[in-house]
Amino acid sequence: MKIAVVGTGYVGLVTGTCFAETGIHVSCIDIDKKKIQSLNNGEIPIYEPGLEVLFKRNKRERRLSFTTNLTEGIEGSTIIFLALPTPPDEDGSADLKYVLQVADDLGPLLKNYTIIVDKSTVPVGTTEKVRARIEAKSTVEFDVVSNPEFLREGVAVDDFMKPDRVVIGTSSERAKKAMGELFAPLVRQGNPVIYMDERSAELTKYAANSFLATKITFMNEIANLCELLGADVDMVRKGVGTDSRIGKRFLFAGIGYGGSCFPKDVQALTKSARDKNYDFRILNSVIDVNRNQKVKLINKIKKYFNGDLEGKTIAIWGLSFKPYTDDIREAPSLVNIESLVAEGAHVKAYDPEASDNVLEVLGDKVEICDEEYEVLENADALLIITEWPVFRTPDFEVMGKLMNNKVIFDGRNLYELDAMRKHGFNYISIGRKEIYV
Ligand code: NAD
C-alpha cells in the first residue's frame, strides 16, 4: 500500500514517518525545497523526541521518501493526507489558502479513486470546500475525509502511534473502511476509532483545543486570585485535581498558553461563532486572560526594580512554548523578551532546543547562551519561562554566586517555597506567596 502526505511539518512528518513504521510506503511532499533537501540528506529539520530513529529506519528501508513534486509524490497513492498550515488570518479565522491551493492542484492529478484526508485543523465546512475544489477539476471518483490530528509536540510519536482516539469524519462507507484499515495497527489496544460526519469531526478538534485552553486559563485565574487571597495554587490544584470529574491534567498555573495550536484555534472558533452571530463569551475571556497572563511577571519584575529596568540584565531559562520542542510559535518567551527590551533591559537566554528559532525571529534583541549557568553571569534577575526538566534541580549555590541579585521570577512554579527561602533567593512565582529573604 502507498499513501502520500502533503505538508511535511510537525504533523506531516510525524504522520508520514509513523505510517511508514506500520509497513506502508509513504511519500512526503512539501514546497519548501530546503526542508525536502535536508530530509533527503537524512536530517530532520525539527526537534521531536523519538522521531529520528523511526525516520532513519523507514528511510533506509525505502518506505519513506520526500519530494517537492506533487505529481510524482502522489503517484500510486490511494490515500492522500493534507497536513498543511492553517494560520490565523487578519480577522482571526483560519486561513485556508494552503489547503485550498493543494485541493486545486490535486484535482487534475487524480487517476483512480482516491481518498483525500484533511489532517489540518480547519473550520466546519472545509471538507465540503475541498471536495468542491477537487470536483471542479477531477474526472475520477474520490472522497474527502476529515481526520483531525490530536498529537502533542514533544510526545508526537507516542501520541500518533498510540492515540487516545482517532476521529474520522466521512459519510462514505468506502472511505470509512479504508481509513479503518489504515489506522487499525495504531489502535490495537482498543482505543476507539470514532466515526462521525465531516462537520462534527472538524468541530471536535476546535472543541478539544478550546476546552484545554479554557482549563489552563481557569487555573491561571484561580492562581491570580490565590495571590490576592493568600492561598497557594499548588495546594488548590492538588485539591481539585483529585476529583475524578476534573482530573489532574492541564491544571498547572503558569504564564499562559502558547504554541501553534491553542491561540489560533481558540481565535478561529470564536470567529466561526461570530460568523453565525453567536458570541462565544467564555472563549473571548480566555483569549483576553491569556494575553495578560503571558506578561504577568513583567509587571512583577518592574515592581521589584522600582519601575526601572534600564540597563538591568535579565536572564531567561526556556524559550520554546513548552518543553521537548523547538517550536516557538506564540511562545510566551517572545512577548516577554520584547517587553523587557522595550523597558531598556538587556536579555540573555538559554533554551536546550529553541534558541536558533528565537534568533531568527528576534535577532540581536536577545543574547543567546549555550548553557544554563552561563546565562546567569551578572544577571540582575532570572525569569523562568519553559519548564524544561534541566531547570528543575539546579545548583542554587552556583546560581547565587553567578548572579548580581538572588532573585527568581518563576513562570512555571518549579521550586518549593521553603527550599527557596533556605537557598536565600527572593522568589516570585505564580499563585503562591512571594518569598523575600
Ligand atoms: P507546519 O507549518 O509545521 O507544516 C506545514 C508544512 O506545509 C510546511 O512544511 C509547509 O512548507 C508545507 N506547505 C505549505 N504549502 C504547501 C503546499 N502547497 N504543498 C506542500 N507543502 C506545503 O504546520 P504543522 O504544525 O505541521 O500544522 C499543520 C496543521 O496541523 C495545522 O492545521 C495545525 O493546526 C494542525 N495541527 C498541528 C499540531 C501541532 O502540534 N503542530 C497538532 C495538531 C494539529
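Select Ile 368 and, leaving aside its neighbours within four places in sequence, display the residues in contact with Ile 368, which are Leu 319, Ala 349, Ser 355 and Leu 359, where contact means heavy atoms within 4.5 Å. This is a predicted model, in which local features need pLDDT of at least 70 and side-chain atom pairs count only at pLDDT 80 or more, while totals for chains, interfaces and linings use all residues. Residues are numbered from 1 along each chain as its sequence is written, and side-chain values use heavy atoms, with hydrogens and water left out.

Ile 368 lies in strand β11, residues 366-368; helices (H or I, at least four residues) and strands (E, at least two) are DSSP runs numbered from the N terminus. With a relative accessibility of 21%, Ile 368 counts as partly exposed, on a scale where buried means under 20% relative accessible area, exposed over 50% and partly exposed in between, with a 1.4 Å probe and protein chains only.

Next, move to the ligand. Which residues come nearest to the ligand? Of the 27 residues around it, these are Asp 30, Lys 35, Thr 86, Glu 153 and Lys 264, a residue being near if one of its heavy atoms lies within 4 Å. By class, this shell has 12 nonpolar, seven polar and eight charged residues; here Ala, Val, Leu, Ile, Met, Phe, Trp, Tyr, Cys and Pro count as nonpolar, Asp, Glu, Lys and Arg as charged, and the others, Gly among them, as polar. Show the backbone as well: an oxygen atom of the ligand is 3.1 Å from a polar backbone atom of Tyr 10, and a ligand oxygen is 2.8 Å from such an atom of Val 11. For Leu 84, the distance from a ligand oxygen to a polar backbone atom is 3.4 Å. The protein covers 90% of the 830 Å² of accessible area that the ligand has on its own, and the elements giving two or more residues to the shell are α1 (10-21) and α5 (97-106).

Now select helix α11, residues 262-275, whose 14 residues reach 20 Å from the first C-alpha to the last, close to the 20 Å expected at 1.5 Å a residue. Because 10 of the 14 residues of α11 are buried, this helix is largely enclosed by the rest of the structure. The buried residues include Phe 262, Lys 264 and Leu 269, and what covers the buried residues of α11 includes α9 (198-229) and α12 (281-294).

Within α12, pick Gln 293, which is buried with a relative accessible area of 2%. The side chains of Gln 293 and Asn 224 are joined by a polar contact of 3.1 Å, and a polar atom of the Gln 293 side chain lies 3.0 Å from the backbone oxygen of Gly 254.

Finish with backbone angles. Most residues other than glycine have a negative phi. Glu 330, however, has a positive phi near 60°; this residue sits in the loop between β9 (313-317) and α14 (332-342). Asn 378 also has a positive phi, of about 60°, and is found in the loop between β11 and β12 (381-384).

Methods: Expected span 1.5 Å × (residues − 1). Polar contact = N/O pair within 3.5 Å; in protein donor to acceptor, adjacent residues only side chain to side chain. Areas by Shrake-Rupley, 256 points an atom, 1.4 Å probe, with all protein chains shown as cover.
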